[in-house]
Amino acid sequence: MSYVSKSPWIIHYDGSSCNGCDIEVLAALTPLYDAERFGVVNTGNPKHADIFVVTGGVNEQNAPVIKQIYDQMLEPKVVVACGACACGGGVYQTCYNVLGGTDSVIPVDAYVPGCAVRPESIIDAVVAGVGILEEKAKAMKMNPAHKDRSESDAASGAHVPVAQVDDVPGASGAGVE
Amino acid sequence: MSKRTVIPFGPQHPVLPEPVHLDLVLEDERVVNAIPRIGYVHRGLEKLVEKRDYTQFVYVTERICGICSFGHSLGYSQCIEQLMGIEITDRAEYLRVIFHELSRIHSHLLWLGLLADGFGFEALFMHAWRLREQVLDIFEECTGGRVIFSACDVGGFRQEVSNETLKGIVIVLERLREEYRTIAKTLLDDSSVKSRMVGVGYLSHEQAKEYSMVGPFARASGLEVDERLLGVGAYGELSSFEPILSDQGDCYARCDVRVKEVLQSIDIINELVAKIPEGDVMVPVKGSPEKDAETMMTLEQPRGQAFYYAKGNGSKFLARMRIRTPTSQNIAGMVAALSGAELADVPMVILTIDPCISCTER
């Protein structure tokens, strides 16, 4: 990887996990792994976040919470499912109170395997998430459903016109090589 | 009387690594009542005992909680060994206690970091977690896992850890002790840190007794409860063991107790490594628990007393496995300590009980 065009802010929510992945998500931000060198910041506010990091499976009580956090995030957004439980239930798959992985309530863009996940793979997934984020941003510009909004924003001066964004070097390319 | 307001706290909150919900009833800025609601992490692991046989269930107990994973597999294995009358080797007993104390060091360092983050001292959080990585490196070197080790099993200890490796662990811990002293000094002597903790979230000795508090939370209110005093396993071989107590009962006292427990754990490991006997670490396990045989075990987890109960049904599957974890005991005390606290101090009070919701809800 030579270049990342955006500093991704993440929001982390612990579904019904064992904590192992949660502490590894935090460990990825602390000095040994130091994801902050890519500009990754852990935020508590869904509206500030680009990447939603979910650990653990989904149960009856936390399904609405996960959905609500996802809905509060602004487009474009990326969901990273961290760990075996978030990918598909893991060891708890057959438990009566586990509905399944994160993808049983919200669409997931990147799956990180491991029980517990290693901080290296979390960083890998977040950096790959930046690439997906850019593709989504590009698709939004092409999509006529979003066109009205971007036009009205451009008229009010709130947004840089689309043509200018494309002129910025590297902004249109994938962030990850 | 001023008007009461209810502020929801959690399940998704920056200071909480795990989801728990609290309805805080406030009068102006003061909390008059806190109503906890749990269930966000409930998976139903005790029921899973019907689908996994007793050797497979070790891996499930490890995944009750990623922070106290070794403690849970230790408690479960001891429980099954008692149920089936298995005698494990002395070396395995020593290794188990050494690893249990190592996980206490990692758990307390993790907590000290979260506490520092809770009062906004981010540099201290980063330093505590930097030191914690040294302990995780030991785990990775010896067992291959950073947080889930699958090292403790029914019948002993899965990995043979050589005496040279154990001596290496002692050297790493001695180096860690020196670095740790600077962090401990900041946590205990810095005036800005003290101003956030002294006198906050007070729980008296009588209250702690009345609510049956366990672990460092109880010891900070002067209650002498520590399962290590029972001397189960290699704890009985220690030349002396005194639980660390404080009588102040506030957030500062809880921090103080945990800071000192890290040093105490290093001492325990040093002593056991010097005395560890030679021999095998695993004994073969055959058969299955008898029908209606029952047993219970208690264990001092980093957060306090954990209780294990198992009942056999004559086959490879257990009839019942019950675990009571320290945080489920401590939630009542947390609610008591919260009433009267300022709203801004609520995260501090919640953090100082060291809540482990995954353990509590299983």
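**Exercise 1.** Decide whether A:Ser17 counts as buried or exposed.

*Solution.* Take the cut-offs first: buried is under 20% relative accessible area, exposed over 50%, partly exposed in between (1.4 Å probe, protein chains only). A:Ser17 has 2% relative accessibility, so it counts as buried. Helices (H or I, at least four residues) and strands (E, at least two) are DSSP runs, numbered from the N terminus. Then list its contacts (heavy atoms within 4.5 Å). Not counting residues up to four places away in sequence, A:Ser17 touches residues including A:Asp22, A:Tyr92, B:Arg43 and B:Ser358.

This is a predicted model: local features need pLDDT of at least 70, side-chain atom pairs count only at pLDDT 80 or more, and totals for chains, interfaces and linings use all residues. Residues are numbered from 1 along each chain as its sequence is written, chains are lettered from A and ligands numbered from 1 in the order in which they are written, and side-chain values use heavy atoms, with hydrogens and water left out.

**Exercise 2.** Find how many residues of helix 1 of chain A are buried.

*Solution.* The count is 10 of the 10, so helix 1 is largely enclosed by the rest of the structure. Among them are A:Gly20, A:Asp22 and A:Leu29.

**Exercise 3.** Find which residues have the most contacts inside the largest nonpolar core.

*Solution.* Such a core is a set of buried Ala, Val, Leu, Ile, Met, Phe, Trp, Tyr and Cys residues joined through side-chain atoms within 4.5 Å. The largest has 175 residues, and A:Phe52, B:Leu102 and B:Tyr180 have the most contacts inside it. Helix 3 (residues 90–118) of chain B gives the most to this core, 15 residues.
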